[in-house]
Amino acid sequence: MSRRIPCSLTIAGTDPSGGAGIQADLKTFQELKSYGMSVITSVVAQNTTGVQDIHHLPIGMLEAQLDSIRSDMPVHAVKTGMIANREMMKRIGEWLKDESSPYVMDPVMVAQSGDPLIQPEARQFLRENLLPLTAIVTPNIPEAEDIIGEKITTLEDMKLAAESIVKSFGAGAALIKGGHMEGEAIDYLFDGTTMHVFSSDRVETKNTHGTGCTYSAAITAYLSQGVPLVDAVEKAKNYVTAAIRHSFSLGKGSGPTNHWATREEVFHYE
Ligand SMILES: Nc1ncnc2c1ncn2[C@@H]1O[C@H](COP(=O)(O)OP(=O)(O)O)[C@@H](O)[C@H]1O
Ligand SMILES: Cc1ncc(COP(=O)(O)OP(=O)(O)O)c(N)n1
């Protein structure tokens, strides 16, 4: 009996060093057996040490890529990462309104190095126009603080933020990631009715470049296969935790996650 080929689309910026952005998303889709497709918003010259330069693609080129997908390819789940400005957000929002597959938003704002990846004035547009289209949004602590306009310092604050992003900002579900807290790596998911918690031991490593991209891409891949949302997050948490535990010491800065880590034969390198 033939099965549907699960297809995932990422709309995001690039990382030539392969740790974050489109490259991390496609590696995750491939590893989790979802057919990967990509629409590029910005070409980012970056590596494990930070961002060196950014070139935003012209709006016409963004639209052409979106049309290329819509006119020809099936999409069973879609994620967005870096969307640098309001104009791009507007076009992507219009495209998403006609999309029936679940939408996963990683509300990327700054790289781990501290380099900004979206224009400050675009943040409000993202909150007001894209958040209500999501099946799930996956902010880290600074991103969640930016969305709700309040500081998050405790686990209780994380839960309140998750609820607020769903109830007051209209997201389908909100996953607040605890990578920027101390102690266990605890994430809270509010799905509109129930608060779920996902936790793992904290891995002592500086090699966490691209963890947020990897996590949201894994959720997207599982959703493309029809896995229910809460199960998709649980499986994605296991994937990103293994990818951090076996992350690569590559480059001079924060090395990338390891997408082979959940294979039965785990790859260990110096
Ligand atoms: N050192 C770590 N050990 C284990 N899990 C981590 C570590 N750092 C981050 N995580 C987990 O990785 C995922 C990404 O979280 P986070 O780092 O907060 O996002 P982002 O990369 O967007 O800043 C979350 O599940 C978080 O709990
Ligand atoms: C093009 C691009 N998109 C997103 C990010 C941020 O990725 P993230 O997974 O949050 O990882 P860190 O940058 O925090 O390590 C990026 N750097 N580039």
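UniProt positions are given here in the numbering of this model, feature names are shortened, and annotations may be inferred rather than shown by experiment. With that in mind, hello everyone: according to UniProt, in an unreviewed entry, residues 15-258 carry the annotation "domain: Pyridoxamine kinase/Phosphomethylpyrimidine kinase".

Some housekeeping. This is a predicted model, in which local features need pLDDT of at least 70 and side-chain atom pairs count only at pLDDT 80 or more, while totals for chains, interfaces and linings use all residues. Residues are numbered from 1 along each chain as its sequence is written, and chains are lettered from A and ligands numbered from 1 in the order in which they are written.

Back to that annotated span. Residues 15-258 are 39% helix and 18% strand, and their end C-alpha atoms lie 15 Å apart. Helices here are DSSP runs of H or I with at least four residues, strands are runs of E with at least two, and both are numbered from the N terminus.

Now the ligands. Around ligand 1 there are 19 residues, and the closest are Asn 140, Lys 177, Gly 179, Ala 185 and Gly 212. A residue counts as near if its C-beta atom, placed from the backbone, lies within 6 Å of the molecule or strand. Which elements give two or more residues to this shell? They are β9 (185-190), α7 and α8 (229-245). The largest share, four residues, is from α8. By class, the shell around ligand 1 has five nonpolar, 10 polar and four charged residues. For those classes, Ala, Val, Leu, Ile, Met, Phe, Trp, Tyr, Cys and Pro are nonpolar, Asp, Glu, Lys and Arg are charged, and the others, Gly among them, are polar.

Ligand 2 is surrounded by 19 residues, with Gly 13, Gly 21, Gln 112, Gly 212 and Cys 213 the closest. Here β3 (42-47) and α7 (211-224) are the elements that give two or more, and α7 gives the most, with three. The shell around ligand 2 splits into eight nonpolar, 10 polar and one charged.

So how do α7 and α8 pack? Their axes come within 8 Å and cross at roughly 140°. Axes are lines fitted to C-alpha atoms, for helices over the stretch in contact, and angles run from 0 to 180 degrees between N-to-C directions. The two helices are therefore oblique to each other; under 35 degrees is roughly parallel, over 145 roughly antiparallel, 65 to 115 roughly perpendicular, and the rest oblique. The α7 and α8 crossing is right-handed, meaning the near helix is turned clockwise from the far one by less than a right angle, with anticlockwise being left-handed. Among the residues that meet are Tyr 215 and Tyr 222 in α7, and Lys 235 and Tyr 239 in α8; contact means C-beta atoms, placed from the backbone, within 7 Å. This contact has 12 nonpolar, two polar and one charged residues.

Helix α5 (residues 141-148) packs on helix α6 (residues 155-167) at about 50°, axes 10 Å apart, and the crossing is left-handed. Ala 144, Ile 147 and Ile 148 of α5 meet Ala 161, Ser 164 and Ile 165 of α6, giving five nonpolar, one polar and no charged residues.

Finally, the axes of helix α2 (residues 59-70) and helix α3 (residues 86-97) come within 10 Å and cross at roughly 20°, which makes α2 roughly parallel to α3. In their contact, Ile 59, Leu 62, Glu 63 and Leu 66 of α2 meet Glu 87, Met 88, Arg 91 and Trp 95 of α3. Those residues divide into five nonpolar, no polar and three charged. Thanks, everyone!

Technical notes. Contact = placed C-beta atoms within 7 Å.
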